[in-house]
Amino acid sequence: MSFSGKVVLVTGASSGIGAATAILFSKEGASVAIVGRNETKLGNVAQKCKQLGAQPLVIRADVSNEKEASTIIEKTVDHFGKLDVLVNNAGIIRKASVADSNSLKIYDEVMNTNMRSIVQLTSLAAPFLVATKGNIVNVSSVASTKLLEGLTAYCVSKAGLDHFTRCAALDLAASGVRVNSVNPGPVRTDLAENGDLMNLMMPGAGDAAWWEYMKTMTALNRVGEPEEIADVIAFLASDKARSITGSTYVSDNGHTLK
C-alpha cells in the first residue's frame with residue numbers, strides 16, 4: 001500500500017493510534033502532517049517519521065478549540081500544496097453519569113473533541129479532498145454500539161460519529177470522496193490509562209492488572225495494539241478500499257461478541 005506522493009493529515013498524533021498511524025503512513029512514503037496538544041510527544045513522533053525518510057509537518061493545536069482547529073487544514077495545504085487523506089483520530093474519554101451534576105459540562109467537553117471538531121475539520125478539508133479525490137478515515141469505537149456505564153457522553157459521541165461518517169460519505173460520494181470509520185475495541189494506548197475508563201472499571205488498578213483484565217473482555221483474549229488499528233486505517237485510505245465508503249470497520253478482538 002504505497003502512499004508515495006500523498007499528503008496525510010492525522011489528528012491526535014502525539015501517541016497511541018494516531019502516532020502509529022503517522023509512522024505507518026511515513027513508512028509507506030506519504031507526506032504527513034501530525035496534530036496534537038503535546039509538543040514534546042509530537043516531536044518524538046516526528047523524529048520516528050524522519051527516521052523513515054519523511055519530513056513531517058508538526059502542528060500544535062487543540063482540535064476542540066474552534067480557532068485553533070480552523071488553521072489545521074490551511075497549514076497543511078500551505079505546506080504540502082494539497083491534501084489526500086484526513087484521519088480524524090483525536091478523542092477523549094470522560095466519566096459522568098447522566099445523574100451527575102457535571103454531566104452537561106462533561107457532555108460538552110467530550111462532544112467538542114469527539115464530534116464537533118470532526119465536523120469542522122471535515123467541512124474545511126472537503127474542497128481539497130474533492131480536488132484530489134481523497135478520503136477520510138474517522139477513528140470511532142465499539143462504544144458506539146456497546147454501552148459503557150458512566151461513559152454516556154463518550155458512547156453518544158461515538159454513535160454520532162458513526163452516523164456522521166455515513167452522512168458525510170453520502171454527501172461527498174458524488175465528488176469521488178470516500179468516508180469511513182474504524183471502530184477499535186480495547187487497544188493498548190494511554191487514552192484508557194489517562195482517561196476515566198480505568199478508574200471507572202478498576203479503581204486503583206495498575207497498568208498491568210488493567211490490561212490483563214481487558215483481555216478477558218475479548219473473545220480472543222487479547223488486547224489490540226495501535227499498529228493494528230493503523231493497518232486498518234491505511235487499508236481504508238488506500239486504493240484497495242476504493243469501493244468502500246460509509247462503512248464502520250470493527251477491530252476489537254471479538255469484544256462485541258461478549
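The model is predicted: local features need pLDDT of at least 70, side-chain atom pairs count only at pLDDT 80 or more, and totals for chains, interfaces and linings use all residues. Residues are numbered from 1 along each chain as its sequence is written, and side-chain values use heavy atoms, with hydrogens and water left out. Seven strands build an open, parallel sheet. Seven salt bridges are present in the structure.

**Sheet**

- The strand order is β3-β2-β1-β4-β5-β6-β7, with parallel pairing. Two strands count as paired if DSSP finds at least two bridges between them. Strands (E, at least two residues) and helices (H or I, at least four) are DSSP runs, numbered from the N terminus.
- The edges are β3 (57–60) and β7 (248–251). Each has a single partner strand, so one side of each lacks a neighbour in the sheet.
- From one strand to the next, the twist averages 15°.
- Strands β1 (residues 7–10) and β2 (residues 31–36) run parallel and are joined by four bridges. V8 has V32 in β2 as its bridge partner.
- In general, strands of a sheet pair through backbone hydrogen bonds, either parallel or antiparallel.

**Helix α5 on the sheet**

- Helix α5 spans residues 103–132.
- This helix packs on the sheet and touches β4 (85–88) and β5 (135–139). Contact means heavy atoms within 4.5 Å.
- The direction of α5 makes about 175° with that of β4. Axes are lines fitted to C-alpha atoms, for helices over the stretch in contact, and angles run from 0 to 180 degrees between N-to-C directions.

**Salt bridges**

- A salt bridge puts a side-chain nitrogen of Lys or Arg within 4 Å of a carboxyl oxygen of Asp or Glu.
- E68 pairs with R60 at 3.2 Å, N to O. E68 is partly exposed at 25% relative accessibility, and R60 is partly exposed at 36%. The classes are buried under 20% relative accessible area, exposed over 50%, and partly exposed in between (1.4 Å probe, protein chains only).
- E109 pairs with R94, with the closest N and O atoms 3.2 Å apart. E109 sits in helix α5 and R94 in the loop between β4 and α5, 15 residues apart. E109 is partly exposed at 28%, as is R94 at 24%.
- E225 pairs with R188 at 3.1 Å, N to O. E225 lies in the loop between α9 (207–216) and α10 (226–237), and R188 in the loop between β6 (178–184) and α7 (190–194), so the pair ties together parts 37 residues apart in sequence. E225 is partly exposed at 26%, and R188 at 33%.

**Nonpolar surface patch**

- L104, Y107 and V156 make a nonpolar surface patch of about 270 Å². Patch residues have over 30% relative accessible area and no salt bridge; like charges are joined within 9 Å, nonpolar side chains (Val, Leu, Ile, Met, Phe, Trp, Tyr) within 5 Å. Areas come from the Shrake-Rupley method with a 1.4 Å probe; for residues, only the protein chains shown count as cover.
- L104 lies in helix α5. L104 is exposed, at 56% relative accessible area.

**Loop residue S247**

- S247 is in the loop between α10 and β7. S247 is partly exposed, at 23% relative accessibility.
- Leaving aside neighbours within four places in sequence, S247 contacts T165, V179, N180 and S181.
- S247 and H163 are 84 residues apart in sequence, and 9.8 Å apart in space, C-alpha to C-alpha.
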